[in-house]
Amino acid sequence: EEWTYLGAVSEYDYLFVNTNPSSRYFGATRRVTSNCDEDEEFLPAPFDIFFEMMEEWMEQYMDLRKREPEDEWEEATDECEMSFLQFYRTFASNRRNYSS
């Protein structure tokens, strides 16, 4: 298995993507939480699902930035119900319900 670092989504949470074309997990993403040694599936393959989620989250994030005064958008983002990890949970849950 070949898991490649994709990025950090918090101080302790990191995303990895499987980049081995011969792996059954190719294109899947995982989330590793370093302060408690958790390693769990983030989103299944194909990697397009990850891009779909990111696009939806960015649209909502940019809408928030447009609504909030420039000097207050960071605070509003911190308090926003749709933080990245919360958004992921909603997105993943909706995908599972849609697939069923």
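Asn-18 is buried in this predicted model. Asn-18 belongs to strand E2. A polar atom of the Asn-18 side chain lies 2.9 Å from the backbone nitrogen of Asn-20.

Strand E2 is part of an open sheet of four strands. The order is E1-E2-E3-E4, and the pairing is antiparallel. Strand E1 (3-8) and strand E4 (38-43) stand at the edges. Each has a single partner strand, so one side of each is left without a neighbour in the sheet. From one strand to the next, the twist averages 30°. Strands of a sheet pair through backbone hydrogen bonds, either parallel or antiparallel.

E2 and E3 run antiparallel and are joined by five bridges. Val-17 has Thr-29 in E3 as its bridge partner. Five bridges also join strand E3 (residues 29-33) to E4, again in antiparallel fashion. Here Arg-30 stands opposite Glu-41 in E4. Val-32 is partnered by Asp-39 in E4. E3 and E4 form a hairpin with four residues between them. Asp-37, in the turn, has a positive phi of about 55°.

In a regular strand the side chains alternate between the two faces of the sheet. Thr-29, Arg-31 and Thr-33 make up the covered face of E3. Arg-30 and Val-32 make up the uncovered face.

Helix H1 (residues 48-67) packs on the sheet. H1 touches E1, strand E2 (13-18), E3 and E4. The direction of H1 makes about 85° with that of E4.

In soluble globular proteins, nonpolar side chains tend to be buried together. The largest nonpolar core of this model has 14 residues. Those with the most contacts inside the core are Phe-42, Leu-43, Phe-50, Met-53, Phe-84, Tyr-88 and Phe-91. E4, H1 and helix H3 (84-99) each supply at least two residues of the core. H3 gives the largest share, six residues. Phe-84 illustrates the contacts. Leaving aside neighbours within four places in sequence, Phe-84 is in contact with Val-9, Leu-15, Phe-42, Met-53, Met-54 and Trp-57.

A pair of aromatic rings is described by the distance of the centres and the angle of the planes. The count comes to eight aromatic pairs. In one of them, the rings of Tyr-5 and Phe-16 have their centres 5.8 Å apart. Their planes stand at 70°, so the pair is edge-to-face. This pair links distant parts of the chain, with Tyr-5 in strand E1 and Phe-16 in strand E2, eleven residues apart. Tyr-5 is partly exposed, at a relative accessible area of 47%. Phe-16 is partly exposed too, at 22%.

Phe-47 and Phe-50 form a stacked aromatic pair. The distance is 5.2 Å centre to centre, with 15° between the planes. Phe-47 is partly exposed, with a relative accessible area of 21%. Phe-50, at 8% relative accessibility, counts as buried. Both rings belong to one aromatic cluster, formed by Phe-42, Phe-47, Phe-50, Phe-51 and Tyr-88. Phe-42, Phe-50 and Tyr-88 are also among the residues with the most contacts inside the largest nonpolar core.

How values were computed. Residues numbered from 1 in each chain as written. Predicted model: local features only at pLDDT ≥ 70, side-chain atom pairs only at ≥ 80, totals over all residues. Heavy atoms only, no water. Pairing = 2+ DSSP bridges. Axes fitted to C-alpha atoms, helices over the stretch in contact; angles between N-to-C directions. Contact = heavy atoms within 4.5 Å. Core = buried A, V, L, I, M, F, W, Y, C linked by side-chain atoms within 4.5 Å. Buried < 20%, exposed > 50% of the residue type's maximum accessible area, 1.4 Å probe, protein only. Polar contact = N/O pair within 3.5 Å; in protein donor to acceptor, adjacent residues only side chain to side chain. Phe/Tyr/Trp six-rings, centres within 6.5 Å; stacked < 30°, edge-to-face > 60°.
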